[in-house]
Amino acid sequence: MELSRKHMVASNYRFLVYIEVIILLSYFSLPGLNLLGLASPVVRGNDIDRQALLHFKSKIIGDQLKVMESWNSSIHFCHWHGVTCGRRHQRVTKLELEYLKLTGPLSPYIGNLSFLREFSLAGNNFYNQIPTEIDRLRRLEILILTNNSISGEIPSNLSGCLKLTEVEIEGNQLTGEIPTFLGLLSNLKYLSFAYNSLRGSIPPSLGNLSSLETLALTRNSLSGIIPEALEQLTDLSYFSIDDNAISGTVPVSMFNLSNIIIFSIGGNKIQGTLPSDLAITMPYVNFFSVRENQISGKIPVSISNASNLNILQFEGNRLDGDVPSLEKLDKLFAILLDANHLGHGGEGDLHFLCTLVNNTKLEVLVLSENNFGGVFPECISNFSTTLLHLVMEENKIWGRIPNGIGNLINLEVLGISQNQLSGPIPIDIGRLQKLTIFDARINFLNGTIPYSIGNLTMLTKLALDFNNLQGNLPSSLGECQNLLEMGLSHNNLGGPIPPQILGLPSMSISLDLSSNNLTGDLPVAVEQLKHLSEFHVSQNRLSGLLPNKLGNCVSLEKLFLDGNLFEGPIPLSLSSLRGLEALDVSNNNLSGRVPEFLVSFRALRYLNLSFNDFEGVILSEGVFKNASATFVEGNNKLCGGIP
């Protein structure tokens with residue numbers, strides 16, 4: 001009896017040990033468990049999840065990277081690419097297939113993954129609507145469908161996913177309105193529907209999302225006003241509603257959201273003024289944009305206390321008055337104040353610029369289209385070498401370009417056109433070897449173009465039109481091998497055209513030397529301008545024959561040679577300029593017959609042959625059919641043509 005009892009105890013002990021081994025093997029999902037013949041369905045994985053994933057796979061019609069090939073029966077579905085399962089139940093908890101070039105509709109079977117917590121398909125080409133079955137995902141916390149082609153409306157039954165903390169569906173084709181039920185998702189911290197086609201207004205119910213930190217609705221078709229209820233979003237740090245059609249005023253209470261870091265409402269129809277205590281109530285703001293609205297009044301003096309500001313965008317509004325000191329804003333990266341009514345047109349308007357001298361991070365400063373007056377500040381020469389863009393066009397700034405402008409050795413854009421600047425272009429301009437755009441049109445600049453301008457080998461645009469520049473064109477301009485367009489028209493430049501300038505094969509947009517006193521022949525180097533679209537040498541004193549090589553400029557659309565002393569016939573080589581839209585050779589001494597090839601120029605919409613010495617019969621086909629597009633008066637030896 002005693003022996004039998006001991007045997008039974010020993011057997012029970014062995015059984016318990018056996019069961020513990022089974023449990024351990026089960027925990028680590030060892031494949032050897034099947035050898036014991038006791039594997040359970042849980043260990044094999046939930047077949048519902050497996051079937052749901054296979055249905056998801058079956059909808060994918062494009063898989064350039066062959067990602068879905070790993071989704072096969074040779075390995076457990078928990079090890080398929082992008083799939084993560086929970087250890088305990090072997091149920092799918094994450095499905096992450098981001099930026100894998102997958103194409104296909106979203107499968108409704110996704111709703112069967114009832115343990116799913118994170119679902120991300122960002123950066124693919126999934127299309128059609130979000131399936132209504134998504135409401136079954138009661139454990140879902142993160143939904144990311146960014147940058148796909150998903151259409152339709154935001155499904156109303158998304159309200160069933162009450163555990164959602166993050167919803168990112170920007171960069172799709174969503175339509176309809178933002179549903180009010182989103183206000184029920186009380187755990188939401190991140191909500192983005194940016195870059196879609198949503199319409200209607202922002203629902204006040206979003207103010208119920210007390211945990212919300214990010215609200216991004218940029219580039220939709222939203223209208224209406226900013227709801228005052230959003231003042232309740234005290235944790236909000238990112239607020240962006242740019243590029244919609246939102247109107248009204250910004251609720252004053254919105255400026256009291258003290259955790260705001262990014263505040264961006266540009267590109268709307270918002271009116272009103274900015275609060276005087278702006279930077280005090282938003283102490284952490286580093287990106288502040290109200291660009292392209294209808295905001296009026298003054299820039300708050302308190303903005304100088306926003307010591308964390310990186311980017312300040314006030315452009316395209318109706319702001320006026322003085323710009324306050326920006327001395328304390330030593331983290332500023334970009335200041336955009338253009339297209340307002342700032343300044344008074346007099347001395348002192350630009351004093352605020354000198355408060356930026358000690359800023360070592362400033363890269364972009366744009367002040368165009370305002371009412372700034374006064375002398376071009378010398379202190380700009382002492383700006384940090386980090387400055388890349390200095391744009392002050394369309395103001396009333398006078399005086400000289402500071403000689404120290406060459407200190408800004410990293411400058412890429414210098415825009416000072418349409419002011420009242422005088423004096424010469426500083427020789428030190430040649431130190432700006434990273435300059436790509438130099439635009440000083442419509443001023444009163446005088447003197448010669450410095451030879452050092454040839455050091456600006458990165459230039460793509462040079463615009464000095466409408467000044468009082470004199471002397472010869474510097475041949476050093478031929479060193480600017482990246483020039484796409486150059487405008488030197490309406491000055492007092494003289495001498496011959498250096499062949500080095502016409503030998504710039506990079507020139508593709510426009511070369512305008514018109515309304516100067518240039519002399520001599522048109523150099524044969526003009527043949528290098530094979531990519532040029534517009535060539536203007538009107539109103540000079542150029543002479544000689546038109547070079548045959550002009551026919552090599554096969555990309556020309558506009559050719560203006562009028563008001564010179566050219567003689568001889570129009571070269572037959574010009575027959576290759578089949579893309580010409582406008583040709584003006586009027587007021588020269590050209591002779592011979594009107595070339596017949598002009599009839600075949602289908603793009604030609606303007607032809608002026610007036611006041612030359614052409615002879616023979618005027619053609620009657622092509623552009624010559626249009627009497628309002630063809631001008632031939634002042635050629636006494638011509639006859640015929642359309643009356």
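Strand 18 and strand 20 (residues 318–321) run parallel and are joined by 2 bridges, where two strands are said to pair if DSSP finds at least two bridges between them. Within this pairing, Gly-297 stands opposite Leu-319 of strand 20. The model is a predicted one, in which local features need pLDDT of at least 70 and side-chain atom pairs count only at pLDDT 80 or more, while totals for chains, interfaces and linings use all residues. Residues are numbered from 1 along each chain as its sequence is written, and side-chain values use heavy atoms, with hydrogens and water left out.

Strands of a sheet pair through backbone hydrogen bonds, either parallel or antiparallel.

Another open sheet has 5 strands in the order 1-4-6-8-10, and its pairing is mixed. Here strand 1 (62–63) and strand 10 (173–174) are the edge strands, each pairing on one side only. Strand 4 (residues 102–105) and strand 6 (residues 125–128) run parallel and are joined by 3 bridges, and Gly-104 has Phe-126 in strand 6 as its bridge partner.

The two bridged pairs can be set side by side.

| Strands | Bridges | Direction |
|---|---|---|
| strand 18 and strand 20 | 2 bridges | parallel |
| strand 4 and strand 6 | 3 bridges | parallel |

A loop residue gives another kind of detail. Asn-410 lies in the loop between strand 26 (396–400) and strand 27 (413–415). Leaving aside residues up to four places away in sequence, Asn-410 touches Thr-385, Leu-387, Leu-388 and Lys-434, where contact means heavy atoms within 4.5 Å. The side chains of Asn-410 and Lys-434 are also joined by a polar contact of 2.8 Å; such a contact is a pair of N or O atoms within 3.5 Å, and within protein one must be able to donate a hydrogen and the other to accept it, while residues adjacent in sequence count only if both atoms are side-chain atoms.

Taken as a whole, the chain has 6 helices and 46 strands, which are DSSP runs numbered from the N terminus (helices H or I, at least four residues; strands E, at least two). Along its principal axes, the C-alpha trace of the chain spans about 140 × 60 × 45 Å.
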